[in-house]
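Welcome to my notebook. I went through this structure entry by entry and jotted down what I looked up.

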Amino acid sequence: MDYSKLVEVYEQIESTSKRLAKTHAISELLKITSDEDIEHIILLLRGRLFPDWNKAKIGVASKLVLKAIGTSTGASIKDIENMWRDIGDLGLVAEQTIAKKTQVTLFQQNLTSDKVFANLQKVSTMEGSGSVDRKVQLIAELMSSAKPKEAKYIVRTVLEDLRVGIGDGTLRDSIVWAYMPIEINYDSEKIAIDVDREEFNKVVEIIQTAFDKSNDFGVVALAARKGVDALEKISLIPGNPIKVMLAQKEVNIDDAFKRVGVPAVIEYKYDGFRMQIHKFKGQVKVFTRRLEEVTKQFPEVVQFVTNNIAAEEFIIDCEAVGYDAKSGKYLVFQHISQRIRRKYDIEALAKKMPVELNIFDILFCDGKNLLKETLEKRRAVLEKIVTEKKFEIILSHKLITSSKEEAMLFYDESVKQGNEGVMIKNQEGIYKPGSRVGTWIKLKSTMDTLDLVIVGAEWGEGKRSGWFTSLALACVDEDGTFLEVGKVGTGLKEKAEEGLSFGEVTELLKPLMKTEKGREVTFKPEIVLEIQFEEIQASTNYSSGYALRFPRVKTLREDRSPEDASSLERIKEEFDTQKKS
Ligand code: ATP
């Protein structure tokens, strides 16, 4: 397909915030996409080169893109840098530089989407000596045949900052509109559709189920074209992580019981971090909640599951809780979070601060997909295959009850043990990847926090010069757009020994810098912080429409990806609950 067709769709989507208009634009593109192109078109639509289960990065620095623009246009690096400083978006810089150049270019071949995809894939996998020059060449080659608007999106894709919001729900619906056997009449003036809702929900569910299992919209789109049979054949593949199920929040047992029904399963809510562990073909792979592979960082986990789980192939869901090997005391998340990113002395750190796996779910076992089985059945499978061993593997401590009094006692006991509260689950509930459905409820004892993404900062002054201060924080809307909710300056330490420091955060942020004007800097959204706050207020100062009162940094959440940050919806809910109480 001509890359220009994809660019037209990017432009349409960028110009609207209406989900139906986006869905229409994408579905029209999908209708004219060939089988060969479908998988890469689906990826490029969201500025990606890999499906959701594969967290590989393109990993190209802005400096390299600058060079590529220079090489392909003949413009001087100095001029490009100056433009970049003025405009603040290298995509726009590329667009304008190419626009000047094309006035003198007579013959130009049309750029195809698969050429863009192929070159960028090569860029993302290239390593070793000479790879930098080769990467510049590959990007410059695309620029040389790109029209100005095409150059803008190539650059934004390379920098993994497409700025075109397409959420999972929009992409899923676009596949439905394009390929499923259902009549949908779209009214472009009213931006509304006329459709049999019941039928529509049914086909949406078929596509959603296929996505839940594959975590790959390319595979789903290709199967959708072939028909429902092909969609149903899609299966979970141990080794490819899927999205984790999430919970909704309640503030008391009565409301939680109302939501999930009784008898309910109540489990300790352990305070560690989520791990999805896969075993297949004699191999074990460990993933964080953001589906990043961390097998190397957790050698003991590989041992524990190999020794204590009697199945050849499985996908389990659990909370890894750290403890001090000497004292046997459990540690809070802040202490063990360093293990996630540790690249050296891994074995020593694992010995000093091992994790205990608290298993609460199983999604696949020896060839059988368990997503649609009830929690009761999934738990029974776990009980059959797991041999519990303290400080290695245990099954989540649970109680099944309809009694509020029993539930309260269990909650108190859980908090006394140092846990965060309890999870209250529907016994009949299926496993819904990526969803916050009401079959899992969390009830917490600790003050609620938000997970927010750093999108900007100010260079510090005086004692804090050389550090980023006053960090601008954002939540995420359903299309993946980051919206600011305030600035935070407290909670970070000046000395690294005292905890998460300005210096440490500055080092993490430096490679993510996008623009710099005076002291103001913006960043590619990547780093997630857990933030405590006193209250949420309505505000016109920030793009989310809300502001945090007295925000304070609690910790760095390297287990969260920016898309996992607190949603705008969550902030709205929190605001409404506050008003009520
Ligand atoms: P929180 O900050 O409250 O952990 P969250 O946004 O990370 O919220 P939620 O789905 O809201 O995630 O809360 C569930 C989290 O609690 C899970 O992601 C998991 O890491 C943790 N957890 C601890 N114990 C359990 C359990 N028994 N069952 C399910 N999740 C558990």
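**Entry 1: the second largest cavity**

I began with the second largest cavity, and its lining is made of Glu205, Thr209, Asp212, Lys213, Asn369, Leu371, Lys372, Tyr431, Lys432 and Pro433. I work on a 1 Å grid over the protein atoms alone: a cavity is a set of points where a 1.4 Å probe fits but cannot get out, a pocket is an open set with protein on both sides within 12 Å along at least five of seven lines, and lining residues have an atom within 4 Å of a point. The model is predicted, so I note that local features need pLDDT of at least 70 and side-chain atom pairs count only at pLDDT 80 or more, while totals for chains, interfaces and linings use all residues. Residues are numbered from 1 along each chain as its sequence is written, and side-chain values use heavy atoms, with hydrogens and water left out.

This cavity has a volume of about 50 Å³. For volumes, grid points are joined across faces, edges and corners, and the space filled by probe spheres set on the points is taken. Helix H11 (residues 197-214) gives the most to this lining, with 4 residues. Helices (H or I, at least four residues) and strands (E, at least two) are DSSP runs, numbered from the N terminus. By class I find 3 nonpolar, 2 polar and 5 charged residues in the lining. Here Ala, Val, Leu, Ile, Met, Phe, Trp, Tyr, Cys and Pro count as nonpolar, Asp, Glu, Lys and Arg as charged, and the others, Gly among them, as polar.

**Entry 2: the largest cavity**

How many cavities of 30 Å³ or more does the structure hold? I find 2. The largest cavity has a volume of about 80 Å³. I see 13 residues lining the largest cavity, with Ile42, Leu43, Arg46, Asp52 and Phe217 nearest its centre. Helix H3 (35-45) and helix H12 (217-226) each supply at least two of the lining residues. The lining splits into 7 nonpolar, 2 polar and 4 charged residues.

Next I turned to the second largest pocket, with a volume of about 1200 Å³. It is lined by 42 residues, and Lys57, Glu292, Leu512, Glu526 and Ile527 are the closest to its centre. Among the elements that each supply at least two lining residues are helix H6 (90-102), helix H9 (148-158) and strand E17 (513-517). I find 16 nonpolar, 6 polar and 20 charged residues in this lining.

The domain assignment gives domain 1 (246-444) and domain 2 (449-580); such bounds come from an automatic or database domain assignment. Each of the two domains gives at least three residues to the lining of the second largest pocket. Their C-alpha centres lie 28 Å apart, and 12 residues of domain 1 are in contact (heavy atoms within 4.5 Å) with 13 residues of domain 2.

Is Ile139 buried or exposed? Ile139 counts as buried because its relative accessibility is 1%; buried means under 20% relative accessible area, exposed over 50%, partly exposed in between (1.4 Å probe, protein chains only). I find Ile139 in helix H8 (residues 131-144). Not counting residues up to four places away in sequence, Ile139 touches Val60, Leu64, Ala68, Val123 and Val158.

Ile184 sits in the loop between helix H10 (168-179) and strand E1 (185-187), and Ile184 is buried too, at 18%. Beyond its neighbours within four places in sequence, Ile184 contacts Trp177, Ile193, Asp194, Val195 and Phe200. Val195 is 11 residues from Ile184 in sequence, and their C-alpha atoms are 5.1 Å apart.

**Entry 3: cysteines and backbone details**

I searched the whole structure for disulfides (pairs of cysteine sulfur atoms within 2.5 Å) and found 0. For Cys365, the nearest cysteine sulfur belongs to Cys318, 15 Å away. Cys365 is buried at 11% relative accessibility, and Cys475 is buried at 0%.

A cis peptide bond joins Val262 and Pro263, with omega about -5°. Asn215 is not a glycine, yet has a positive phi of about 55°; Asn215 lies in the loop between H11 and H12 and is buried at 1%. Lys281 also has a positive phi, near 45°, but Lys281 is exposed at 77%.
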